[in-house]
Amino acid sequence: MLTNSLVELDRQHLVHPVSSFRGHEARGVRVLRSASGATVTDAEGRELIDGFAGLWCVNAGYGHESVVEAAAEQMRKLPYATGYFDLGAEAPIRLAAELAERSPGDLNHIYFSLGGSDAVDSTIRFIRYYWHAKGQPQRDQFISVEQGYHGSTTMGAGLTALPGFHEGFGVPYQWQHKISSHYIYRNPLKTEQEIIDASVAELKAKVAAIGEDKVAAFYVEPIQGSGGVLVPPKGWVKAMRDACAEMDILFVADEVITGFGRTGPLFACAEEGIVPDLMTTAKGLTSGYVPMGAVFMRDHVYETIAEGAGAKAVGHGFTYSAHPVSAAVALEVLRLYEGGLLENGRKAGARLMAGLESLRDHPLVGDVRGRGMLAAVELVTDKEKKTPLPAAVQPATRLFDRAWEQGLIVRSFAQGIFGYAPPLCCTEAEIDAIVERTRTVLDLTLE
Ligand code: PMP
């Protein structure tokens, strides 16, 4: 059978670091054949709702012919022009201008990467250039948040604070530090204000311990994604942003997941009422059709780097920066978002949150959280004590497999958390099916 031979070839030749090396061979890869809207079809012809939009990226949904056409047209016309030097193509220039127009505040300068990890790595380099230009090269220490995820490249993995990303790599580097996550559900502090105050105090104490003139930047996800969809208290992001401004530390918002309609607006920073000094995006930028990421810089960051560099080149760039085909796709995806998908995502998101909230009465549901089309259900065996699921049920793969059997793809985190990030194009019926299938999985897990 085709599937069997593909599974065998995959086992022999294709490396999936997160699963291949830990004995998932027994199960084998699940091969997808095609997709349309929010539905994917596996190699055997079985249809499933993709409640996770690939890897929180296919925000626009699958199968948009206009996106395919935009890519094909660009490939025919001009498939490549380097963005490394002063050469360029129309699509990335137009895309940069369109994004600058829509971004919060004066985040007017855009550097295109290939994805999220290298966007984050690029910010580290830009920030170092910035502080050199300011005559403060000793500002070379970076702070991020526990449970955070900022990529798989070595520098990004050092800012990341999830088990498994550090061992054996010598990261985090000595210049990478963390403060505790807000993680409201498992936070011993009682009120949201207490959590905000504690985070601000911890950040200030951390900066004081490192040295006030040594910290370069602080990184935040507006909602922590890979840590388990951890929504901060309302006002937390702004309080951290204000604290950074007070201490003259650059504030970086990593919107790789939250960007492009995932939480409602185009950028989550807008609803937090803040303008970060730098912002990273990827995933929904091209909706997964082709790879691309983008670093946004405020005027003062860009101008400082430019002045500091003088006649010297700022040594940073990738062969595929500002790729014309990716840019053409992103321009079309942006048109789709604004042509109704953002609006649909807002409505579908409200329905998703209400549906998941209705699961709270289930004996296994400890917490339901999220915003827009980004949500999580945290499972426990004892609601009072918030006891995590027993190890026999908990492993991410088991919950994932059970959902798959019900025709639903969700992310299942090792702690016993279901993560949801469906495409913004979901219909009401699809949202309801996501909720109902989750309830079935919970019932089966209870047995
Ligand atoms: N930052 C955040 C917040 C992310 O969620 C991710 C990916 N999940 C990354 C960075 C890295 O992006 P990529 O996988 O495209 O390199």
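**View 1. Helix α1 is hardly covered.** Not one of the 12 residues of α1 is buried: the count is zero. "Buried" here means that 20 or more other C-beta atoms lie within 10 Å of the residue's own, while exposed means 12 or fewer and partly exposed is in between, with C-beta atoms placed from the backbone. Helix α1 covers residues 2–13 and reaches 16 Å from its first C-alpha to its last, close to the 16 Å expected at 1.5 Å a residue. That expected span is 1.5 Å times one less than the number of residues. Helices (H or I, at least four residues) and strands (E, at least two) are DSSP runs, numbered from the N terminus. Keep in mind that this is a predicted model: local features need pLDDT of at least 70, side-chain atom pairs count only at pLDDT 80 or more, and totals for chains, interfaces and linings use all residues. Residues are numbered from 1 along each chain as its sequence is written.

View 2. Domain 1 brings 28 residues to the contact and domain 2 brings 21 residues, where contact means C-beta atoms, placed from the backbone, within 7 Å. On the domain 1 side, the elements that give two or more residues are α3 (53–56), α12 (324–357), β11 (365–371), β12 (374–382) and β16 (417–420). Of these, α12 gives the most, with five residues.

**View 3. Helix α9 keeps its buried residues on the same side.** Which residues of α9 are buried? They are W236, V237, M240, R241 and C244. These residues cover an arc of only 135° around the axis, which puts them on the same side of α9; the arc is that of the directions from the helix axis to the C-beta atoms. Their packing partners are α8 (192–210), β7 (215–220), β8 (250–254) and α10 (268–272).

**View 4. Strand β10 is covered on both faces.** Five of the five residues of β10 (residues 293–297) are buried, so this strand is largely enclosed by the rest of the structure. G293, V295 and M297 sit on one side, with A294 and F296 on the other. Strand β4 (residues 109–113) runs antiparallel to β10, joined to it by five bridges, and F112 has A294 as its bridge partner. Strand β9 (residues 278–281) also pairs with β10 in the antiparallel sense, over four bridges, and here T280 stands opposite V295. Two strands count as paired if DSSP finds at least two bridges between them.

**View 5. Four strands make an open, mixed sheet.** The order is β1-β2-β3-β14. β1 (32–36) and β14 (408–409) stand at the edges, each with a single partner strand, so one side of each is left without a neighbour in the sheet. Strands β2 (residues 39–42) and β3 (residues 47–50) are antiparallel, with three bridges, and V40 has L48 as its bridge partner in β3.

View 6. Most residues other than glycine have a negative phi. A53, in helix α3, is not a glycine, yet has a positive phi of about 45°. A53 is buried, with 28 other C-beta atoms within 10 Å. V229 lies in the loop between β7 and α9 and has a positive phi of about 50°, although it is not a glycine. V229 is buried too, with 26 other C-beta atoms within 10 Å.

Conventions:
Two residues are in contact if their C-beta atoms, placed from the backbone, lie within 7 Å.
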